[in-house]
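I opened this entry to log what I looked up in one structure.

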Amino acid sequence: MLQTISRWMGRQAGCGNEMKEERKQEMKTKVENAVMDTVKRTVMILVAAVLMAVNLKTFVRTGGLIPGGFTGLTRLLQEICVLLWGFEPPFSVINFTLNAIPVVISFKFIGKKFTLYSCLLIVVSGLLTDIIPGFTVTTDMLLVSVFGGLFHALAMTICLMAGGTSGGTDFIAIFLSEKFDIDSWNYIFAGNVVILGIAGALFGWEKALYSIIFQYTATQVLHTLHRRYQKQTLLIVTKKPQEVYEVIRQTTNHDATLIRGEGCYMKQECDIIYSVVGRDEVRKVLNHVRAVDPTVFVNMIRTESLSGRFYQRPND
């Protein structure tokens, strides 16, 4: 009896040690993944900051362009100081001052990591803009406007993929959209129009019009490259509806609707899974869906607008 109890206690102790080792391994894996994620996002933010600063000191300065948001407002204030008093204050000083209150709002209401990564971009890009010497790539204003907008969009895309933003009006727009369900982008656009109007009145309408080309190019390229806020409707014809639904649920945290149907040619019953996901999630969903049902048929439709509850990944 004593030997039996002793062996049982030994097995229990062994199981306990194995569970402890598994927990330690899981914790180690989580820490390693968190560190790798932080390093990856930090590198992406730094790359975006360098691209943004170089763009400001080449294309934007060469053309005398006024970008959108607080970056454009900072450039406008610099140009006004040169016009009135003959000196140009540092870009970083003005930009940091303008972003002070939006940073506090973002840190408190949007997300701490999101705000910290955004602050890293604001600080590094601001300092580099003051440090990097300006140089001219081309004097053709159309090329300056188009390629300046392209590089600006590329920098913004990398920043957004890293979970940050360029600050300023982005903080305000996200705060109003997420907390009060206000579509604030029209107000941001109106603010940019006012900035361009002042720039045109003071420095000539030609530069203001080229600035519109710059902003339009940046907006279109950014819309193409960054798809987080774009939606895609999926109509999935499958013989394994439950498995497909579980894949969508686990991959995107989105729900789905099951529609019972019948194939017109084969006259066989079939199931259709209807779901709306983010466009940046489509490829991942399709790969997982085909893994559980290789015979699946998927129709993807771009969703222009959406009303109702839709899960949006929160900013961390």
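Is Arg-41 buried or exposed? I found Arg-41 buried, at a relative accessible area of 9%. I use buried for under 20% relative accessible area, exposed for over 50% and partly exposed for what lies in between, with a 1.4 Å probe and protein chains only.

Two remarks on the source. The model is predicted, so local features need pLDDT of at least 70 and side-chain atom pairs count only at pLDDT 80 or more, while totals for chains, interfaces and linings use all residues. Residues are numbered from 1 along each chain as its sequence is written, and side-chain values use heavy atoms, with hydrogens and water left out.

**Overview**

I took the chain totals next. The protein chain has 10 helices and four strands, where helices (H or I, at least four residues) and strands (E, at least two) are DSSP runs numbered from the N terminus. Along the sequence I read the pattern α-α-α-α-α-α-α-α-β-α-β-β-α-β. The protein chain counts 316 residues, of which 38% are buried. For contacts (heavy atoms within 4.5 Å) with a separation of 6 or more, I noted that 74% are between residues 24 or more positions apart.

**Salt bridges**

How many salt bridges does the structure hold? I logged four, a salt bridge being a side-chain nitrogen of Lys or Arg within 4 Å of a carboxyl oxygen of Asp or Glu. As background, side chains of opposite charge can pair when their charged atoms come close.

I returned to Arg-41 and found its side chain in a salt bridge with Asp-37, at 3.5 Å from N to O. Both residues sit in helix α1 (residues 2-63), four residues apart, or about one turn of the helix. Asp-37 is partly exposed at 34% relative accessible area, whereas Arg-41 is buried.

I then checked Glu-79 and Arg-75, whose side chains form a salt bridge at 2.7 Å, N to O. They are four residues apart in helix α2, which means a separation of about one helical turn. Arg-75 counts as buried at 2% relative accessibility, and Glu-79 is partly exposed at 23%.

Another salt bridge joins Glu-88 and Arg-61, with 3.3 Å between the closest N and O atoms. Glu-88 belongs to the loop between α2 (69-85) and α3 and Arg-61 to helix α1, so this pair ties together parts 27 residues apart in sequence. Glu-88 is partly exposed at 36% relative accessible area, and Arg-61 is partly exposed at 29%.

**Helices α3 and α4**

At what angle do helix α3 and helix α4 pack? I read about 175 degrees for α3 (residues 91-109) and α4 (residues 112-131), with axes 10 Å apart. That makes α3 roughly antiparallel to α4. The axes are lines fitted to C-alpha atoms, for helices over the stretch in contact, and angles run from 0 to 180 degrees between N-to-C directions. Under 35 degrees counts as roughly parallel, over 145 as roughly antiparallel, 65 to 115 as roughly perpendicular and the rest as oblique.

The contact includes Phe-91, Phe-96 and Val-103 of α3, and Leu-116, Ile-122 and Leu-127 of α4. I sorted the residues of this contact into 10 nonpolar, seven polar and two charged. Here Ala, Val, Leu, Ile, Met, Phe, Trp, Tyr, Cys and Pro are nonpolar, Asp, Glu, Lys and Arg are charged, and the others, Gly among them, are polar.

**The sheet**

In what order do the strands of the open sheet run? I noted β2-β3-β1-β4, four strands with antiparallel pairing; two strands pair if DSSP finds at least two bridges between them. β2 (257-262) and β4 (297-303) are the edge strands, each pairing on one side only. The twist from one strand to the next averages 25 degrees.

I went through the pairs. Six bridges join β2 to β3, and Leu-258 has Ile-273 in β3 as its bridge partner. β1 and β3 are joined by eight bridges, with Lys-231 opposite Gly-278 in β3. Strand β1 (residues 231-238) is joined to β4 by seven bridges, and Leu-235 has Asn-299 in β4 as its bridge partner.

The hairpin of β2 and β3 has six residues between the strands, and Lys-267 there takes a positive phi near 55 degrees. Helix α9 (residues 241-252) lies across β1, β2 and β3 (269-278), at about 5 degrees to β3. Last, I found β3 mostly covered, with seven of its 10 residues buried.
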